[in-house]
Each structure stands twice: as C-alpha cells, then as structure tokens.
Amino acid sequence: MSEGTHREQFEPRLIFWEVTSACNLKCIHCRATPANARSTEELTTEEACEFIDRVISFAKPVIVLSGGEPLVRSDVFEIASYANSKGIPVALATNGTLVTPETARKIKGAGIRRVSVSIDGADDQTHDRFRQVTGAFEASLQGIEYLKAEEISFQINTTVTKHNVHQLPEILDLAVVQGAIAWHVFLLVPAGCGKDLAQHEMIEPADYERVLNWIYERSKDSPISIKPTCAPHYLRVAHQRAAKEGINFTHEKKGLDAVTKGCLAGSSVCFVSSKGDVYPCGYLPIKAGSIRQNGFQEIWQDASVFRDLRDANNLKGKCGICEFRWVCMGCRARAYGMTGDFLAPEPFCIYKPDVTCPEYI
C-alpha cells in the first residue's frame, strides 16, 4: 500500500493537557510530584485560556485535562468551562480520590463530558500497592459514586503490569458493575518513573500478545467499550483475527472510545505539559516546541518530530517493512524508551512481518 493510500488530514483530535504535575498520590509508574509541590512554572489561568483560543483557531479536538492530579489545581473548572464555552469537548483524567459531592457538581457545571478514573487492581491491596497510598482504592470508588450521583459519564483506566495482569477479567467486571461507559487498558510504557518500573513490572512480549488477544475476544461480548491504549499492535491483532474469522475489522466507535490507528502520537494526538511544552505524547519526551514561544498551530504543523511520526515509511527494522505498519506504527514511545530511537522497531511486538505480502510483490 502506498503512502498516498493512507494519507490523512493531520489535525489534532485529542490533546492531553497536564494542567499540573502535582498529585496527592505517589503512583510507582508516574512522573507526578507531591500535591504541595505545584510548580511556579505552570501555565496561568490567562495563559491556559489563551492556549484554548489558539487551538480553536484551526481545530476542535477533545481536550483531556490531566496531571499529576488536575483536581489539585483550583482553577481547573474555570479552564474547563472556558474550553466548553468555545465548543471544545472536555474530559477530565483523575485518580478519583479528591472527588467529593461538591467537586462532582463543579465537574458537571463546567460542562466536562467524561471523567476517567484510574483503577489499577480489582481489590484494595493490589490498587493501593500501585498507588502507594493506603485507602486509595476505596477513595476512588467513593469518588465514582459521587460522579454517578451527578449522572456524569465516566470510564475506568487501568495500567497493565505484572502485579495486576492476572486480575484483568475482575477489573473489567468491576468497571461494568460500577457503571463505567468504557474501560481503557493502558500497556505500560518505559518512560519517566515507568522506565525503572519496566525492569520488573512490564509484562513479557508473549504475555502482551495474549492480553491483546484476550481484549479482542472480550470486546465481542463486553457490555461496555474496551479500548487498548499504548498498545498499537492491537490493530494488527484485530485485523489478523478478523481475517481468520472471515470478517472485516471495522472501527465502529467514535469519540473518546474510537480505535482508529495504533500509535497516534504526533498525527492526531499530542501532549502539553504543565509549563506549556508540547510533545507527541505524554510518554515520548521529545519536545516539539513551547506554546509560550510559538503558536500551537505552528508547532503542530511544522515540528520535525511530528512530521517524522506521520509517515510510516520512516519506521526502521521490522516495523519499517511490516504490512500492518500504517494501521499499527508500533509504540514510538516504547521504542524510544528501550532504544533511544523513536523510529526503531516496537520492542514488545512478537510479530514477524510477512515479506510475501502483496505489498512487497
């Protein structure tokens, strides 16, 4: 397949915005700092609103307000309300522990469309070990109850590691019982604190493959949407499985649950740090620019790292010759974290490209 066959209109579809790097928890995989250590370099409320204006001048993506823990920032609802008033859909990514009845009312009042709550275990022992704060599991579930009381749509996010991979069926059941609209399953990326964690908590490539196949199976009968994240070769698995079953794999979902392509970094997704630095994603620490120094549209359209990531023909090794490269791309952050080269082959994919594929004939 030629590049022209897959050429897309590269516009930001999702912007993950770290409104603060501070957090009230101490999760072992996260780069966040303690809640009482908010950086003086964070974008001000005025700068945040100005950034929103720059975004809507050329695109209308979904903005996900994240952290750290975004709820430790007192003006997060003002920022959300401003974006909502400009017609930009806003989501909130939280650990759930700071959600109170009053907070839930403010979330609804700010027009936030969906809240993601991180749950990394099916029980308090597993979750709290990951979050390193006793009582975090129960506090997150209580936060969910407050969201439900306000009829706020929410999803469960789970980072898969060796300590909880055996609990995935139970975590899915928990998400269903709690009334989540979706379950987003994140495969650990060796970046930040996760780089050290990966040495003993990252599941093996063969287990990675088994998890993706399990997700494919469960997606057929699950009452809620299941979306693998930071798992680009799920698209390869899904296409392979569908072909064997004599069906076409389609991306029927839209919005926050859409499964449109494997690695979206730099092509339809980007990450903005608390001080305004722009990156392809939150796990790929190659700076594309700063919104304090350049216009966001200029960064999005012209940054060399974004341009490199938009052409699968730039991929190296087996990813560069893989017949699924246009739908998968491999995790560019995982490649960078393991090799120092964001165009290197995905190190946790066990698939061997079929060089007899018609694409190469």
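Buried here means under 20% relative accessible area, exposed means over 50%, and partly exposed is anything in between (1.4 Å probe, protein chains only). Helices (H or I, at least four residues) and strands (E, at least two) are DSSP runs, numbered from the N terminus.

This is a predicted model, so local features need pLDDT of at least 70 and side-chain atom pairs count only at pLDDT 80 or more, while totals for chains, interfaces and linings use all residues. Residues are numbered from 1 along each chain as its sequence is written, and side-chain values use heavy atoms, with hydrogens and water left out.

View 1. Strand β7 (residues 154-160) has 7 of its 7 residues buried, so the rest of the structure largely encloses it. In a regular strand, side chains alternate between the two faces of the sheet. Here, Phe154, Ile156, Thr158 and Val160 point one way, Gln155, Asn157 and Thr159 point the other way, and all are buried. Two strands count as paired if DSSP finds at least two bridges between them. Strand β6 (residues 114-118) runs parallel to β7 over 4 bridges, with Val115 bridging to Phe154. β7 also pairs in the parallel sense with strand β8 (residues 182-187), this time over 6 bridges, and Ile156 stands opposite Trp183 in β8.

**View 2. The crossover from β7 to β8.** Follow the chain from β7 through helix α7 (residues 168-178) to β8 and you have a right-handed β-α-β unit. Right-handed means that, with the strands pointing away from the viewer, the path from the first strand over the helix to the second runs clockwise.

**View 3. Helix α5 and its two ends.** Thr126, His127, Asp128, Phe130 and Arg131 are buried in helix α5 (residues 124-131). At the start of α5, a side-chain oxygen of Asp123 comes to within 3.3 Å of the backbone nitrogen of Gln125. Just past the helix, Gln132 has a positive phi of about 60°.

View 4. The structure holds 9 aromatic pairs; rings of Phe, Tyr and Trp (its six-membered ring) pair if their centres lie within 6.5 Å, with planes under 30 degrees apart called stacked, over 60 edge-to-face and the rest tilted. Phe58 and Phe296 make a tilted pair, 5.9 Å centre to centre with 45° between the planes. Phe58 sits in the loop between α2 (45-56) and β4 (62-66) and Phe296 in helix α11 (residues 296-302), so the pair ties together parts 238 residues apart in sequence.

View 5. Tyr208 and Phe348 form a tilted aromatic pair, 6.5 Å centre to centre and with 40° between the planes. This pair links distant parts of the chain, 140 residues apart: Tyr208 is in helix α9 (residues 205-221) and Phe348 in the segment after α14 (332-339). Tyr208 is buried at 1% relative accessible area, and Phe348 is buried at 10%.

View 6. Ring pairs join Trp17, Phe51, Phe58, Phe296, Trp300 and Phe306 into a cluster. The charged end of Arg310 sits over the ring of Trp300, 4.6 Å from its centre (the criterion: NZ of Lys or CZ of Arg within 6 Å of the ring centre and within 35 degrees of the ring normal).

Definitions and conventions:
Polar contact = N/O pair within 3.5 Å; in protein donor to acceptor, adjacent residues only side chain to side chain.
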